[in-house]
Amino acid sequence: MIYTAFRTAYLQRRLPCVAGSGVLSAAKAAGTRFMTTETDVAPNFAFAFDIDGVLVRGAKPLAEGKKALKCLQEHKIPWVLLTNGGGKSEVARVTDLSEKLEIDISTRQFIQSHTPFRRLVDNYSKVLVVGGDADTCRYVAEEYGFKNCAMSLDIIAAQRSIWPFHRFSTEDLQQARALSEDAFDAILVFNDSRDWGCDTQVIVDLLTSEGGKLGTKNSNLEQALPIYFSNNDLLWANEYHLPRFGQGAFRTCVEKLFKDYTGRDLQSTIIGKPYLFTYEYAHGVLNDWRQEKFGYEGKLQRVYMIGDNPASDIVGGNGYGWYSILVRTGVFKDGDQLHAAAKPKVIVDNALEAVMHAIQNEIKLK
């Protein structure tokens, strides 16, 4: 059976997918697979990986992350990438990651923070799209199916005194689109703002407008529009040795300014990790992927969430009933205090050790 074969290979330190990794010694074991014949039992577990701080660090791929994915791919174990990153289309991100990680990744196994916004297409006509480089996120929104997408870029090009301190170049403003006279229906924060002052001003203007009409203000300063944030990460990891502020910090600023200006609490919807909506979506994607790619039937019993951020990856994984594994290659550092909801099942050095721990756990359960 598949687990017997894996147990033997593991105990003999002969898994080819981790040869030379420093986790297991290098020795060839030709033919060792999880799914080797039609009579083998399909694995009832799968993996979800965060990206930044787990598989890559900024633009640099992490060697153990590459080996972890190749190991799972070789043994036909389903996995998806679940990230609070975004700002580009799924196709663009998958193309880039496939090249960096040297493995074929399908858009069907890739979930970024704003991917679930697809479900909102039928709810809203005209939306303000916030974040990302230039107007890239506008094209992502249109790819999802949104028909009327405006950005702060368009608003500033039409009336520059709305925020005279904007950072748009002449070339940027030439890319702006004409604004329709239709009222806005919603605000969607797709990615980190590149100009917090400008985006915050435009957002608060629309939140306190008369029915979403730009340039108006309702007399009671009541919230006029729904606003959605695609993730709530206060911190994230890049090449710099200390964590950097993320979209969660931007949300905090918007909420504080709205409260100070109106005296009211901002009512917002936050998706992305650690929120239930995103984990439900990801679990469904994993089930679909394991059946579509491998033909696996039956219930998916365990998902191993491998992440570097206790506040998003681990809290979310724990909250949805996944098996959470925290790695030391990103936001988390030894000595950091973890509250109860953010405590993982185990802390390991990197993604490859996380996969090995999970496989050991599966062998024990068999």
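This is a predicted model: local features need pLDDT of at least 70, side-chain atom pairs count only at pLDDT 80 or more; totals for chains, interfaces and linings use all residues.
How many bridges join strand E1 to strand E4, and in which sense do the two strands run? Three bridges join them, and they run parallel. Good morning, everyone; let me walk you through this one. Residues are numbered from 1 along each chain as its sequence is written, and side-chain values use heavy atoms, leaving out hydrogens and water.

A quick word on names. Helices (H or I, at least four residues) and strands (E, at least two) are DSSP runs, numbered from the N terminus. Two strands count as paired if DSSP finds at least two bridges between them.

Let's start with the sheet. Six strands form an open sheet with parallel pairing, in the order E5-E4-E1-E13-E14-E15. E5 and E15 (346–348) stand at the edges with a single partner strand each, so one side of each has no neighbour in the sheet.

Now look at E1, residues 45–49. On one side, alanine 48 has valine 80 in E4 as its bridge partner. In E13, the partner of alanine 48 is methionine 305. E1 and E13 run parallel and are joined by five bridges.

Let's stay with E13, residues 302–307. Is this strand mostly covered or mostly uncovered? It is mostly covered, with six of its six residues buried. Buried here means under 20% relative accessible area, exposed means over 50%, and partly exposed is in between, using a 1.4 Å probe and protein chains only. In a regular strand the side chains alternate between the two faces of the sheet. Here, Arg302, Tyr304 and Ile306 point one way from E13, Val303, Met305 and Gly307 point the other way, and all are buried.

On to the next neighbour. E13 pairs with E14 (residues 323–327) in the parallel sense, over four bridges. Methionine 305 stands opposite serine 324 in E14. With helix H10 (residues 310–320), E13 and E14 make a right-handed β-α-β unit. Right-handed means that, with the strands pointing away from the viewer, the path from the first strand over the helix to the second runs clockwise.

Next, helix H3, residues 90–101. Its buried residues are Glu90, Arg93, Val94, Leu97, Ser98 and Leu101. They cover an arc of only 130° around the axis, which puts them on the same side of H3; the arc is that of the directions from the helix axis to the C-beta atoms. What do they pack against? Their partners include helix H2 (63–74), strand E4 (79–82) and helix H4 (136–144). Contact, by the way, means heavy atoms within 4.5 Å.

Glutamate 102 lies in the loop between H3 and E5, and has a positive phi of about 55° although it is not a glycine. Most residues other than glycine have a negative phi, and most peptide bonds are trans. Glutamate 102 also turns up among the contacts of lysine 66, along with Pro61, Lys100 and Leu101, leaving aside neighbours within four places in sequence. Lysine 66 sits in helix H2 and is buried, at 18% relative accessible area.

There are other backbone features to point out. Alanine 134, in the loop between strand E6 (126–130) and H4, has a positive phi of about 50° and is not a glycine. Alanine 134 is exposed, with a relative accessible area of 55%. Then, a cis peptide bond joins lysine 273 and proline 274, with omega about 15°. Proline 274 is in the loop between strand E12 (268–270) and helix H9 (276–294).

Now a buried leucine. Leucine 206 lies in helix H7 (residues 196–207) and counts as buried at 0% relative accessibility. Setting aside residues up to four places away in sequence, leucine 206 touches Leu128, Phe184, Ile187, Gly212, Leu214, Ala224 and Leu225.
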